[in-house]
Every structure is written in C-alpha cells, then in structure tokens.
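Visitor: I'd like to learn how to read strand pairing in a model. Could you walk me through it?

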Amino acid sequence: MLERIKQNKAYKWLDNYWYHYKWVTLAVVFFVTVFSVLTAQMLTKEKPDAVILYGGPAVLTANETRDLEIAFRSVLPSDFNADGKKLVQLETVSLMTDEQVAEAEAKAEESSVFVYDAKALGSNKTTFTELMMSGEYVILLVDRAQYDNILDSGAIVPLADLFDADKIPDCAYDDSSIVFSETTFAQFFNATDVLPEDTLLCVLQASENSIFKGKDKAETQYRQQLMLYKKMINFSKGKSS
C-alpha cells in the first residue's frame, strides 16, 4: 500500500516540491502566520480615549501604572472614540539627572537592589523628546529637574492660555505648570503616591506632527485631552465622572 502511494504522481510531485522548496515554504508560512497574528492584534487592541506622558525618575510597575490609569479614567469626561469603553493610557519614560543617578547608585549599593538601567537613560531622553513631538500627547507629567529644558523649548502652554486670570489654581508652580501632588485629584487617589512630590503637571503645545491625522481630527483630539486635564484640575472629593 505504501509503495503504491509513493508511485502516485501527486505524491511524487509533492515530494519533489518539498525537497526543493521546503525552506522557502516554511519561511512563507512563518511570515504569513506572524502577519496574521499582528493584524489580529491591531484590529482587536483597545484604543485609549486619552493618553498621558510621564518623564522622571519614578520607575513604575505594571500594577502601579494600571492603578494610575484607573484613577485618570475615573475623571475621563466621555468615551471619546465611541468604542463603548473609557480608557486612559499612561506612557512612562525613565529620566534622571546626574544627581539622581548618583543617589540611585548609592541606594543600590546599600540595598543591593538594581534600581535603574544606566545605559537606557541616554536613549530615553531621545525617546521622551520624540513622544512629546509626536502629537499624540497633550497632558504631561514631568520631573521638576527636567522641566526647565522643556519650558525653554516653548513646548508648554502657559496657564494664562488655559484659565481665566482669577481661575489659575493655587497649586501652580509657575506660569506654566501645576504641582501635581498638591492637586485635590492627587491627594484623593493613593495611586499617585508612586510619583515624586515635585512632579509637575503641564499641557503641551499642539504639535505640527499632529496634522498627519488630519486637521479636524487633530484639533478634536487636542480639545478632548484638555477636557481630561481640566477634570483633573477641577476634581473635588466625591465628584468624578
């Protein structure tokens, strides 16, 4: 029976094909499978209604990031993308000054605990700058030690452009930022305790890169992010969306 199968023309053709094109076939199957999986992930991945960028020395665990996102979501005004779910995504980038690096190294020596990846810090600065310029982020949480350089670049919206003169929050750090830990929002949600007390809350200028989304879409998304920012600033205990 086996010998009869081997004499079959179809079997001979398949055997010859497999002998000559086995690796090409396997490669094609591999890439088709990977492409199918990635496509499925892209189609099923939940899209956030708002995104927030953090840059500073805090290194957050997945649970800490999730808890912060839940806190931000609690004041999200609406399901902006109308997908039936209200989601806020927090993007964190580890940034440290030389002084903070030295402090981290000292703590690591004392506790024998690995605190940070020194090699990654340099590339993180580039990543952080690219994210700020991407047009995806409007709300920025940033370490005070990093703030001045960003302010000098003109990337931050002055508070006077966001609030009436008599409505600027008392917890303002300067003309362009808020001390996040002093907001009622941060004091109410324990999840925010993982961020350093001197973390500043700012609004980024609309990026020219956002025009690639389309002018109307970019402007709408920018206004929506501002709505979340205002909800965070105007939060009062016992009142959330």
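Guide: Two strands pair if DSSP finds at least two bridges between them. Strands (E, at least two residues) and helices (H or I, at least four) are DSSP runs, numbered from the N terminus. One caution: this is a predicted model, where local features need pLDDT of at least 70, side-chain atom pairs count only at pLDDT 80 or more, and totals for chains, interfaces and linings use all residues. Residues are numbered from 1 along each chain as its sequence is written, and side-chain values use heavy atoms, with hydrogens and water left out.

Visitor: Which residue stands opposite Ile-178 in E5?

Guide: That's Leu-201. Strand E4 (residues 178–179) runs antiparallel to E5, with two bridges joining them.

Visitor: And how many bridges join strand E3 to E5?

Guide: Four, and E3 (residues 139–142) is also antiparallel to E5. Here Leu-201 turns up again, as the bridge partner of Leu-141.

Visitor: Are the faces of E5 covered or open?

Guide: For that you need burial: buried means under 20% relative accessible area, exposed over 50%, partly exposed in between (1.4 Å probe, protein chains only). Both faces of E5 (residues 200–203) are covered, with Leu-200 and Cys-202 buried on one side and Leu-201 and Val-203 buried on the other.

Visitor: What about the whole protein: how much of it is buried?

Guide: Buried residues are 34% of the 241. As for the fold, there are eight helices and five strands, and along the sequence they read α-α-β-α-β-α-α-β-α-β-α-β-α.
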